[in-house]
Amino acid sequence: MENNFEDAIPLISKWLGAGSINIFGRQYAGKDTQCEKLAEIFGGVVLGGGDILRHGQTPQHVLDAINSGALSPTEEYKAIVTPYLSRDEFAGKPLFLSSVGRMEGEEEAILAATKQSGHEIKAVIFLDIDESTTWKRFHEAKIHGTREDRTDDDEEGLKKRLNLYEEFTIPVINRYRDLGLLIHIDGTPSIEQVDAAILRALLERATSS
């Protein structure tokens, strides 16, 4: 993050407390990157729904679904992911969620689970990139080997995931907008510029609350 935010960070930290920030966007928008940066700054924990499912006690048919590029069944997703948010090692720490609850209807369960666990969602960041930028970054990542290989990380898998995003995740983003939680960030500039835009937006939330 840029160096001119030293004074802002304590203000944001006080406002955030042990709350959560959920980050959404198309594939290759930089969700994981921004979660990791924010977690480092604010001493938080990064959680992704897919990662929880892949590394938890998840039925094989659910793993098969997400590894094929599909979204996991909603009821099973909620049953596995929402209790995870209450783990003792997360107590008192902010959570930075990478598209946790990205299927329409799951956002209500995530809102309830984060509040119950003491990690109430304080903001939802929408890293906005268009589909052409997604494909450009996809091909760049393949050339440079900058992304962890996944079984669904090929052209067909990406097409499927983009279609699912439009059908099921856009309504989730719109729901957070209706609740007044959404922060819209242009995800196309450099990482440093996106970093700064996020901190400016969080500072505005922190000082207007």
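**Exercise 1. Find where serine 99 lies, and decide whether it is buried or exposed.**

Step 1: Serine 99 sits in the loop between β3 (95–98) and α6. Helices (H or I, at least four residues) and strands (E, at least two) are DSSP runs, numbered from the N terminus.

Step 2: Before going on, a word on the model and its rules. This is a predicted model, where local features need pLDDT of at least 70 and side-chain atom pairs count only at pLDDT 80 or more, while totals for chains, interfaces and linings use all residues. Residues are numbered from 1 along each chain as its sequence is written, and side-chain values use heavy atoms, with hydrogens and water left out.

Step 3: Buried means under 20% relative accessible area, exposed over 50%, and partly exposed in between (1.4 Å probe, protein chains only). Serine 99 has 9% relative accessibility, so serine 99 counts as buried.

Step 4: Now look at its surroundings. Leaving out residues up to four places away in sequence, serine 99 touches Asn22, Ile23, Phe24, Gly25, Lys31 and Tyr77; contact means heavy atoms within 4.5 Å.

**Exercise 2. Describe the largest nonpolar core and say which element gives it the largest share.**

Step 1: Start with the term. A nonpolar core is a set of buried Ala, Val, Leu, Ile, Met, Phe, Trp, Tyr and Cys residues joined through side-chain atoms within 4.5 Å. In soluble globular proteins, nonpolar side chains tend to be buried together.

Step 2: The largest core has 27 residues, and Leu38, Ile125, Ile185 and Leu202 touch the most other members.

Step 3: At least two residues of this core come from each of α1 (8–16), β1 (20–25), α2 (31–42), β4 (121–128), β5 (182–186) and α9 (191–208). Helix α9 gives the largest share, with 8 residues.

Step 4: Zoom in on leucine 202. Beyond its neighbours within four places in sequence, leucine 202 contacts Ile12, Trp15, Ile21, Leu38, Ala123 and Ile183. Another core, of 23 residues, lies apart from this one, and Phe24, Leu111, Phe126 and Tyr165 are among its members.

**Exercise 3. How many salt bridges are there, and which parts of the chain does the pair of arginine 26 and glutamate 166 link?**

Step 1: A salt bridge is a side-chain nitrogen of Lys or Arg within 4 Å of a carboxyl oxygen of Asp or Glu. The whole structure has 5 of them.

Step 2: Arginine 26 and glutamate 166 form one, at 2.6 Å from N to O. Arginine 26 is in the loop between β1 and α2 and glutamate 166 in helix α8 (residues 155–178), so the pair, 140 residues apart, links distant parts of the chain.

Step 3: Arginine 26 counts as buried at 14% relative accessibility, whereas glutamate 166, at 37%, is partly exposed.

Step 4: Another salt bridge joins glutamate 156 and lysine 159 (3.5 Å, N to O). Both residues lie in helix α8, 3 residues apart, about one turn of the helix.

**Exercise 4. At what angle do α6 and α8 pack, and which residues make the contact?**

Step 1: Helix α6 (residues 106–116) and α8 pack at about 50°, with axes 9 Å apart.

Step 2: On the α6 side the contact uses Glu107, Glu108, Ile110 and Leu111, and on the α8 side Val172, Arg175 and Tyr176.

Terms used
Axes are lines fitted to C-alpha atoms, for helices over the stretch in contact, and angles run from 0 to 180 degrees between N-to-C directions.
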